[in-house]
Amino acid sequence: MSTIKKALFVSGATLLFLIVASAVGYLLGFIDTDRGSWYIFLLFGVGMLVASGVTAFLVRGSTPCNVFCFCVNAAALGFLIRAWYIGRGLENNFLTMFLICLACVGCLWVYFLLGLIPAAQRHPIIFFWIIAFVTVAAYIPAAIVTETTFLSTFGYYMLVVAAFIFAMLLEAADLRELMRHLTISAYSVFAVAVIIAVILLSADGGDLPLDFVGDLVTPGEKKKKRRGGAPPVTDDLPPANVP
């Protein structure tokens with residue numbers, strides 16, 4: 001299977017995946033929610049990924065099934081993006097989200113063109129990890145110094161796109177096998193779920209009921225008990241009878 005054919009197929013599948021995710025995330029914004037309900041959308045997204053994963057494992061040889069699971073994972077990403085928007089108090093219109101999709105596909109083609117360099121062709125996996133490292137190193141400072149909904153959404157989408165690029169590097173005899181690689185790579189959405197959950201739970205940590213921590217860090221206040229249900233040992237024992 002030619003490299004250009006793989007690149008065209010992967011870029012088309014990537015654009016479809018991201019547009020579905022963006023459409024789901026945008027339409028979910030019409031549901032009346034409060035900021036504390038982000039975890040409901042996250043759980044829905046994770047549940048969809050789990051159901052899709054079980055289906056893809058059981059019916060692994062069916063191309064229609066792989067396409068279905070691929071689309072389900074895209075919808076799951078939409079639920080996760082909506083959870084992120086709710087938890088962080090952010091919002092994007094659909095045009096902005098569509099432009100993010102195009103930017104991600106553009107990055108995919110930049111990678112593809114750079115991959116035509118002879119050194120990159122000789123060591124495609126090493127080249128992939130170098131590009132991934134440079135991209136992350138550039139993205140993290142940009143995410144810290146800027147506060148835009150565009151950048152955070154772009155970062156989550158690019159994490160999935162990176163998995164699709166890796167799938168493009170794998171050997172595939174035909175489009176059917178390449179579609180299977182893309183479906184498996186689409187489960188990188190789990191990583192998005194973990195990152196969102198960690199960030200939002202950390203932000204809400206001050207509101208969690210942590211009273212039990214006091215019992216864990218103050219063992220001196222606990223009463224030691226003897227085995228067999230004996231009364232607790234205390235320091236208030238009567239003085240011993242001295243003859």
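The model is predicted, so to speak plainly about limits, local features need pLDDT of at least 70 and side-chain atom pairs pLDDT 80 or more, while totals for chains, interfaces and linings use all residues. Residues are numbered from 1 along each chain as its sequence is written, and side-chain values use heavy atoms, with hydrogens and water left out.

Let's start with α1, residues 3-27; a helix here is a DSSP run of H or I with at least four residues, numbered from the N terminus. α1 has 25 residues and spans 36 Å from first C-alpha to last, close to the 36 Å expected at 1.5 Å a residue, where the expected span is 1.5 Å times one less than the number of residues. Buried residues (under 20% relative accessible area, 1.4 Å probe, protein chains only) in α1 include Lys6, Val10, Phe17 and Gly25. Their cover includes α3, α4, α7, α8 and α9.

Next, the second largest pocket, with a volume of about 380 Å³. A pocket is an open set of points on a 1 Å grid where a 1.4 Å probe fits, with protein on both sides within 12 Å along at least five of seven lines; lining residues have an atom within 4 Å of a point. The volume is the space filled by probe spheres set on the points. Of its 16 lining residues, Thr3, Lys6, Pro124, Met168 and Leu169 lie nearest the centre.

Finally, where is aspartate 34? Aspartate 34 sits in the loop between α1 and α2, and its C-alpha is 8.9 Å from that of glycine 87, 53 residues apart along the chain.

Notes. Helices (H or I, at least four residues) and strands (E, at least two) are DSSP runs, numbered from the N terminus. Buried means under 20% relative accessible area, exposed over 50%, partly exposed in between (1.4 Å probe, protein chains only). Contact means heavy atoms within 4.5 Å.
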